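Please open the model in your viewer and keep the sequence panel at hand. The stops below are meant to be followed in order.

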Amino acid sequence: MATVTFDQVSIRYPGAERPSVRELDLEIADGEFLVLVGPSGCGKSTTLRALAGLEDVAEGSIRIDGQDVTGVEPGDRDIAMVFQNYALYPHLSVARNMGFALKLAKLPQPEIDAKVGDAAELLGLTEFLDRKPKDLSGGQRQRVAMGRAIVRAPKVFLMDEPLSNLDAKLRVQTRAELAALQRRLGTTTVYVTHDQVEAMTMGDRVAVLRDGVLQQVAPPRELYDAPVNEFVAGFIGSPAMNIFPGDGVTLGVRPEHMRVLNAASGAPEGWVLREGTVELIEELGSESYVYASCGGDRLVARVGDEPVPARDATVRMAYDPAAAHRFDPGTGLRLP
């Protein structure tokens with residue numbers, strides 16, 4: 001296990017108008033599961049690859065357990081990387097795939113077998129050790145890729161969207177297994193995803209990037225309850241926060257704080273009322289989300305047990321200003 005430090009790290013690609021990552025300061029604690037999240041092109045995978053030694057750092061330094069590894073070759077950094085495509089050798093068995101790096105390191109075969117056996121038991125792969133990757137499901141292949149990393153006992157795990165090739169149900173199941181596994185192993189882990197729901201359910205802390213700049217790093221609940229700016233507020237949360245532009249202040253209201261009123265009820269005193277037309281209903285079983293066009297704004301409200309309006313119906317939506325987040329319309333920064 002180890003700490004990881006990015007100290008004023010900038011990464012530039014030749015010919016690019018701006019750095020892909022700019023002056024990144026980030027401290028990752030020993031044993032922490034940190035998730036890098038952001039829209040496509042924000043620099044999250046570039047940051048991970050720089051930590052792996054696969055991208056050159058233009059400015060600043062990267063340290064693993066206090067040692068400067070900025071110019072160190074990837075193979076000498078004591079890290080293990082798990083990719084989204086698994087990168088398994090199709091002609092090798094599960095056991096040989098998992099032990100391949102140990103064989104290259106010329107470890108004795110009994111020691112390789114012991115390490116592979118321990119990892120297979122941890123991952124529920126013992127009965128599959130003699131199979132080839134083509135005989136496994138997507139989730140099992142992902143566990144083999146994890147096992148190959150685990151047997152090396154690295155200081156840091158690096159994961160680049162490792163679940164993106166799985167179907168929705170298996171992805172939810174596997175991310176829970178992966179998070180639980182990381183906590184059992186206690187290995188420092190840096191995980192990249194574009195899926196903010198995945199980030200919020202897996203990470204001890206989540207680092208949000210935009211255009212190569214770190215916006216905020218915090219535990220998931222803090223990101224949700226106290227976003228540092230309008231971008232983080234809109235990016236974190238599904239469905240996204242309702243944003244009401246204004247001159248003096250921009251308001252942000254979470255869907256669970258919007259109320260859909262029926263024809264007979266009025267808004268509580270002091271609440272803001274909007275009227276509009278229902279465009280879409282998302283039915284999720286225990287709850288629904290109502291999307292409505294209200295005077296040029298598209299608003300979304302969460303509906304629980306109360307009746308759900310029909311599509312194209314005229315509805316009134318209301319919110320308590322006390323529950324709204326406030327942002328500076330010029331800088332986008334959160335206001336007190």
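Predicted model: local features only at pLDDT ≥ 70, side-chain atom pairs only at ≥ 80, totals over all residues.

**The interface.** Next, display the residues at which the domains meet: six residues of domain 1 are in contact with six residues of domain 2. Between them, domain 1 and domain 2 bury about 510 Å², with 56% of this area on carbon and sulfur atoms. On the side of domain 1, select Tyr 224, Pro 227 and Glu 230; these lose the most area to domain 2 and together account for 87% of what that side buries.

Which polar features link the two domains? Two residue pairs are in polar contact between domain 1 and domain 2, whereas zero salt bridges are found across their interface. Now highlight helix 7 (residues 220-225), which gives the most to the side of domain 1 that touches domain 2, with three residues. By class, that side of domain 1 comprises three nonpolar, one polar and two charged residues.

**Leu 261.** Finally, move to strand 13 (residues 258-261) and select Leu 261 within it. Is Leu 261 buried or exposed? Its relative accessible area is 9%, so Leu 261 is classed as buried, the cut-off being under 20%. Val 315 lies 54 residues from Leu 261 in sequence, yet the C-alpha to C-alpha distance between Leu 261 and Val 315 is 7.0 Å.

Technical notes: Residues numbered from 1 in each chain as written. Heavy atoms only, no water. Contact = heavy atoms within 4.5 Å. Buried area = accessible area lost by both parts, 1.4 Å probe. Salt bridge = Lys/Arg side-chain N within 4 Å of Asp/Glu carboxyl O. Polar contact = N/O pair within 3.5 Å; in protein donor to acceptor, adjacent residues only side chain to side chain. Helix = DSSP H or I, 4+ residues; strand = E, 2+ residues; numbered from the N terminus. Nonpolar A, V, L, I, M, F, W, Y, C, P; charged D, E, K, R; others polar. Buried < 20%, exposed > 50% of the residue type's maximum accessible area, 1.4 Å probe, protein only.
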